[in-house]
Amino acid sequence: MTFLTPFIISPLFMKHILKGLWVSPVQQRWASRLPMNTVVLFVPQQEAWVVERMGRFHRILEPGLNFLIPILDRIRYVQSLKEIVIDIPEQSAVSLDNVTLQIDGVLYLRILDPFKASYGVEDPEYAVTQLAQTTMRSELGKLTLDKVFRERESLNLNIVHSINQASDEWGIRCLRYEIKDIQLPPRVKESMQMQVEAERRKRATVLESEGTREAAINVAEGRKQAQILASEGERAEQINKASGEAQAVLAKAEAKSKAIRLLSEALAEQNGNAAASLSVAEQYVSAFSNLAKESNTVLLPSNTGDVSGMVTQVSCFWPTNKI
């Protein structure tokens with residue numbers, strides 16, 4: 001009769017066995033797509049296969065035909081050299097003016113060094129995602145809410161720069177980061193809407209006042225120009241009138257001078273005095289005939305009827321005849 005001897009397993013041995021059998025989600029993800037060692041392997045373009053020989057890093061297979069030693073060589077990691085797009089999940093962040101924001105984004109990266117990406121970090125994509133989230137919260141904490149919307153492009157550049165500084169040891173280069181959406185609290189959104197409406201009303205009031213000011217300035221400028229033109233026209237009219245009067249005075253003076261000269265020449269001729277006496281007598285009689293018509297009061301000389309005496313007095317001032 002055979003008796004079964006009980007087999008007692010120590011906890012340390014059991015822990016060692018479970019550790020060997022347990023596979024992390026990251027290792028399972030990598031193992032699910034790792035190719036088998038078939039001695040002759042064809043590596044696709046834009047991929048890097050990391051090979052370990054007896055558990056240690058051996059080399060990186062280039063695209064094309066490659067040969068491996070069975071059992072000894074094992075393909076441990078497969079890294080894609082294409083540009084990778086990672087969706088950054090929505091998270092909350094607090095701005096400099098204590099406003100809570102819900103923000104998400106998209107991260108574009110590329111593996112530059114397959115060795116560092118394989119052995120420098122456990123899960124490169126997860127590490128970069130967590131780094132992007134923490135960096136985004138840190139950068140948002142440096143800006144106020146208004147600057148978050150105005151400086152969105154500079155915020156993306158700062159996040160990319162911060163990620164590249166930390167991910168250099170992982171062999172990963174962040175190409176760009178784009179913020180997809182920014183969600184605001186309802187009260188903050190309402191206050192911003194009220195601020196926008198107030199700003200629009202302010203701009204409308206300012207534009208209306210500027211329009212009224214421009215209209216008043218244009219009216220005043222038109223009146224000023226009208227007054228200037230009117231004064232210039234009046235000045236030109238006065239100048240023309242004065243010029244005409246001056247020319248008329250000159251013409252009268254020239255005519256009078258010519259008449260006096262002709263009269264002087266006529267008196268100097270023979271029988272000129274007699275003709276002048278006759279003309280003066282006629283004017284004397286005509287003047288006395290018009291005195292009673294113009295006024296009721298008339299002052300007459302004592303010798304009104306002595307026409308010859310008046311003519312003789314006037315002729316004393318005439319030049320004598322030249323024989």
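Two strands pair if DSSP finds at least two bridges between them. Helices (H or I, at least four residues) and strands (E, at least two) are DSSP runs, numbered from the N terminus. The model is predicted: local features need pLDDT of at least 70, side-chain atom pairs count only at pLDDT 80 or more, and totals for chains, interfaces and linings use all residues. Residues are numbered from 1 along each chain as its sequence is written, and side-chain values use heavy atoms, with hydrogens and water left out.

Three strands form an open sheet in the order 6-7-8, with antiparallel pairing. Strand 6 (84–94) and strand 8 (172–183) are the edges; each has a single partner strand, so one side of each lacks a neighbour in the sheet. Strand 7 (residues 100–111) is joined to strand 8 by 10 bridges. Glutamine 102 has glutamine 183 of strand 8 as its bridge partner.

Helix 4 (residues 124–140) lies across strand 6, strand 7 and strand 8. Helix 6 (residues 152–167) packs on the sheet and touches strand 7 and strand 8.

In helix 6, Leu155, Asn156, Ile159, Val160, Ile163, Asn164 and Ser167 are buried (buried means under 20% relative accessible area, exposed over 50%, partly exposed in between; 1.4 Å probe, protein chains only). Seen down the axis, the buried residues of helix 6 fall within an arc of 170°, so they line one face. The arc is that of the directions from the helix axis to the C-beta atoms. These buried residues pack against strand 7, helix 4 and strand 8. Exposed Leu157 and Gln165 sit on the face of helix 6 turned away from its buried side.

Notes: Contact = heavy atoms within 4.5 Å. Axes fitted to C-alpha atoms, helices over the stretch in contact; angles between N-to-C directions.
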